[in-house]
Amino acid sequence: MNITYKTENNTVRAFHNDTPIGKVVVQNIDFHWASGTCISLAGIGGVGTDEAYRGQGIAGNMMEAAKTFTRENGYACSGLTTNLGNNARRLYARAGYTVIFRPGRYTKTLYPVQPTNVHGITLRPYREGDEHTFLKHFESQHQDYFGYRARTSESWRE
């Protein structure tokens, strides 16, 4: 089967004999995090393959092409969200994304992170219970941002 992949602008497309059969869109998301820190996040979305071509690794190849695009365009990380019942969750896991917060949200480090020496900051691996501290910090920094949609630590954990 003659499948080709092309990346144009922010979209990876799969073609079978010049007929489009799938795509993955990479959206730039300015992820604002605490005290004015802004991370350029590659938001993965619009993932789809024509039904007749599913199960042949095409979506996986498009995900790899999207990963290459994000690296070449200087993104620090990429992320996506999906529903719990979505079959694409297996695709995302095979592509190397890991679940964060709750099943259905994935993230992937695109290249090894080199720790920097910053006075007063210690890097260490995750410890059980870190999410509670994270949520407390998140709420204190973003409470006004969410306004009437603000959630409590308990609802974020759920």
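I looked up the largest nonpolar core and found 21 residues, with V24, I44, M62, M63, Y92 and Y97 making the most contacts inside it. I took a nonpolar core as a set of buried Ala, Val, Leu, Ile, Met, Phe, Trp, Tyr and Cys residues joined through side-chain atoms within 4.5 Å. Strand 2 (11-16), strand 3 (19-33), strand 4 (37-49), helix 1 (58-72) and helix 2 (88-94) each give two or more residues to this core. Helix 1 gives the most, with six residues. Helices (H or I, at least four residues) and strands (E, at least two) are DSSP runs, numbered from the N terminus.

The model is predicted: local features need pLDDT of at least 70, side-chain atom pairs count only at pLDDT 80 or more, and totals for chains, interfaces and linings use all residues. Residues are numbered from 1 along each chain as its sequence is written, and side-chain values use heavy atoms, with hydrogens and water left out.

I then turned to H16, which lies in strand 2. H16 counts as buried because its relative accessibility is 18%, where buried means under 20% relative accessible area, exposed over 50%, and partly exposed in between (1.4 Å probe, protein chains only). Leaving aside residues up to four places away in sequence, H16 touches M1, N2, I3, I21 and Y53 (contact: heavy atoms within 4.5 Å).

Lastly, I noted the residue classes in the lining of the second largest pocket: eight nonpolar, eight polar and four charged. Ala, Val, Leu, Ile, Met, Phe, Trp, Tyr, Cys and Pro count as nonpolar, Asp, Glu, Lys and Arg as charged, and the others, Gly among them, as polar.
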